[in-house]
Amino acid sequence: MTALKELFSGGARKFGMVIALLALVIIFNLTTNGLVVTPTNAQNIIFGNAHILVMTMGMVMVIIAGHIDLSVGSVAAAVGVIVAVATRDWGIPWWAGVLLGVACGLLIGAWQGFWVAYVGIPGFITTLAGMMIFRGLHLYISVQSGTNVRVPEEMWFIGSGHLPEWGPDTGLNNSTLVLGLVGIALIVWGELRKRAAAVRLDGAAPALSVSILRAGGLSIAIAYLTWLFGSGRPGTSFPVTGVIVLVIAAVYWFLSTKTITGRHVYAVGGNRAAAALSGVNIKRTNFLVMLNMSLLASVAAILFISRARTTGPADGTGWELDVIAAVFIGGAAVSGGIGTVTGSLIGGLVMAVLNNGLQLMGVGAAQTNMIKGMVLIAAVAFDVYNKVQGRPSIIGRVIDGVRRRPASETSATAPTA
Amino acid sequence: MADSAPILEMRSITKTFPGVRALDDVSLTVERGEIHAICGENGAGKSTLMKVLSGVYPHGTYEGDIVYDGEIVRFGSIRDSEQAGIVIIHQELALIPELSVAENIFLGNEQKGGLGIDWQIAHEKAKELLERVDLKVDTKTPIKNLGVGQQQLVEIARALSKDVELLILDEPTAALNEHDSRLLLDLLRDLRSKGLTCIIISHKLGEIMAISDSITVIRDGRAIETMDVTAGGVDEDRIIRAMVGRPLESRFPPHTPAIGDVFFEVEDWTVEHPQLPGRLVAKGSSFHVRRGEIVGFAGIMGAGRTELARSLFGRSYGRYLSGTIRMHGKEIELRSVPDAIAHGISYVTEDRKALGLNLLDDIQTTVVSADLKKVKPGMALDDTLIHQAGEKARRSMRIKAKSVSVGVAKLSGGNQQKALLGKWLFPEPELLIVDEPTRGIDVGAKYEIYGLLNDLASAGKGVVVISSELPELLGLCDRIYTIFEGAITGVLERGEADQERLMRLMTGVGVDAVV
């Protein structure tokens, strides 16, 4: 039992989410007669949702800090059309356009961050205004420059490109293969480090069987995914955009778990007054999370337009809802202070697989939205129910939650003085 | 006068939670018209017992019987017990700050008129109730504008509005200063003479002995002893022994002061109220602390002790107008909390849950949270260092928890306070300011915390203790400053200080005109 507990150090909620994700994949695969688990479809899931996944990593920080950002879709739309128009009309090279887009994201983020952090307007109001302002900006530019602005061809690889094929014939796309091997190497290295740390802290490493199971299990998963993504039509691979998401995920995992600023975000969200009296710069922290969100929205914009290849009037519509839903499905708390980058990514993948599976089944957009809404309620209700009952989720009874999960709530069922 | 039959008999109450027996065959008898106190360490089961009685833990979730007014009762909810005449006032007052006194009194019990709530009647009745508790405020005043003592009286007024026969008070004077405590206890005596029966849960042994007719001590979920105070022979030592299970030599661990030179001085410190311009919360205060010294700050609630401390701690309260701080002889400016921490000053806030702890964190994260740079050797926070810091704190402060990954919300009050203390000792401060360090904590844990403060002083650091418990200050401090209405009115050395002298200085008696 303890061994099983040690196996899943990511917390009961994430374990539950991964199971849910797998269940969805399996169910949809059955209902679509095997259309889901194919290399092409797997790649499409990444292609179609990379922009959402990138934004969830910013949104989770915003929600942990106790705010929300409703403007991300509109900001992304505005930045996208700015980049497209700038590269087309001003003759600047595509990479300058990308930089311009990022700069716009930073500017917008600073604007929203100013109102939220230094003036004290709630994030909800500020970003609601932002939603209107930047949707309007998008519309304005579109009216001036054309509703469908073509994106320079040199950029298309970002959003729709595949990794190069090279080297000996292995039956798989070799770039994907390398990626997979690197992934497995990282897992093994990570496991070895965990064991070394356990020796230092507790005096003994966990049972070898646990390590082998954990590292082995993850490695097998990665090996399978490597095969899935790499064995598509020749010329296809794990998408470039997916690599970008992974890199950004690594950066944000590091930022949120290993840096002081990351810790401060959790502190501000967990108990603002205590954080202030512990020396946390509340204003700076709030400013940074809002700045960061718009920055990632601009990155998402670039990923999106370089896939869509032209801008359009419906760009960005409803993105914030998908992003916010992903973050809450991934385990964040409405009251702030709780949430993780990896959890939000899993939540994002749940939404992505849902979108994809329902689409393959031929379910219309209307019904899809209804189903997604109900999934969101179900996921969070389950979580809230378990918290109110004062115990971790049912799966969590078997597995101890670790840091970043709510350590506990004082509940009516727990004994007090 | 009093009926011969007891008003309440709890017979063989047993309540278990998964893995722990919170109450084990507890029996309690409360006579009609008496004030019955219940004492016990944190986690002993006092609140659990009262929750069983008041219906928070409904019939069916416990074993045993409750006999009220001669009949076996089966309460399914708080409403049931209230209808029977049992009202419980919790330690954390259940008042809505933004709503008025009248609205709070009748919350859940609204006075209905023809078409809705009859506010006229509500305010009239509220006024009557306030007179019964001797509280002279307008019934329209929002609760947030009242002091804690007054809020407590509103809660009692609310209980009276429900025609209470048996009033349960959980730590009623924990958040009150001496003055308000005395008023409250007088009120309870008055209500007793009018036929009200009270059960009081309290750690304040002095008060309990002054006001109770009987005392039941609970320890580890069992009723250890019931003492008849009116019969005599009950003193604080006897109660403590029953609570703790072992004789406590004294409430304060022995400490030989080794006091050195002055190393921290504050001169003419003047701070304005943050919202009310023109009103000063610190009026030219000057004081100093020596190495190895424990200095106390005494004052009635609202006198300005916390305001003084917080304004010094990185100007985290009020508008700084003038004054200097000198540390090791050099003048320093503490413009922000990080400044203060960097200069070796730590401040342990008075409300550990609201202002001190992030209840979502575990012990190790809490311990390092005031000085994260210490656990960040390179680019990243080092989990090993965090764990080690947590372990060190857990061991040296004897925090009762399975491991340092336990959430602080799961700890008892005393252990939470220790975790908070550990957090502020982690940056290795030169000067530690603790604000109400033992509020809401049982005797055993208090002793341990006093020991920790003594150790700090013995190590040559300076300790400032702000407390509303005069015996605590008298037992702990080498010198005590008194504050009244924002000004320091006096300072007494260990030998010359006693409760009376302190109280006079604290209430401004015999002090020359305080500006």
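User: In which order do the four strands of the antiparallel open sheet of chain B stand?

Analyst: The model is predicted, so local features need pLDDT of at least 70 and side-chain atom pairs count only at pLDDT 80 or more, while totals for chains, interfaces and linings use all residues. Residues are numbered from 1 along each chain as its sequence is written, and chains are lettered from A and ligands numbered from 1 in the order in which they are written. Strands here are DSSP runs of E with at least two residues, and helices are runs of H or I with at least four, numbered from the N terminus; two strands pair if DSSP finds at least two bridges between them. In chain B, four strands form an open sheet with antiparallel pairing, in the order 12-11-14-15.

User: Which strands of chain B stand at the edges of this sheet?

Analyst: Each edge strand has a single partner strand, so one side of it is left without a neighbour in the sheet. These strands of chain B are strand 12 (280–290) and strand 15 (330–332).

User: What is the bridge partner of Val266(B) in strand 12 of chain B?

Analyst: Strand 11 (residues 262–272) of chain B runs antiparallel to strand 12 of chain B, and seven bridges join them. In strand 12 of chain B, the partner of Val266(B) is Phe287(B).

User: In which order do the six strands of the mixed open sheet of chain B stand?

Analyst: Strand 9 (residues 214–219) and strand 10 of chain B pair in the antiparallel sense over six bridges. The pairing of the six-strand open sheet in chain B is mixed, and the order is 6-7-8-3-9-10.
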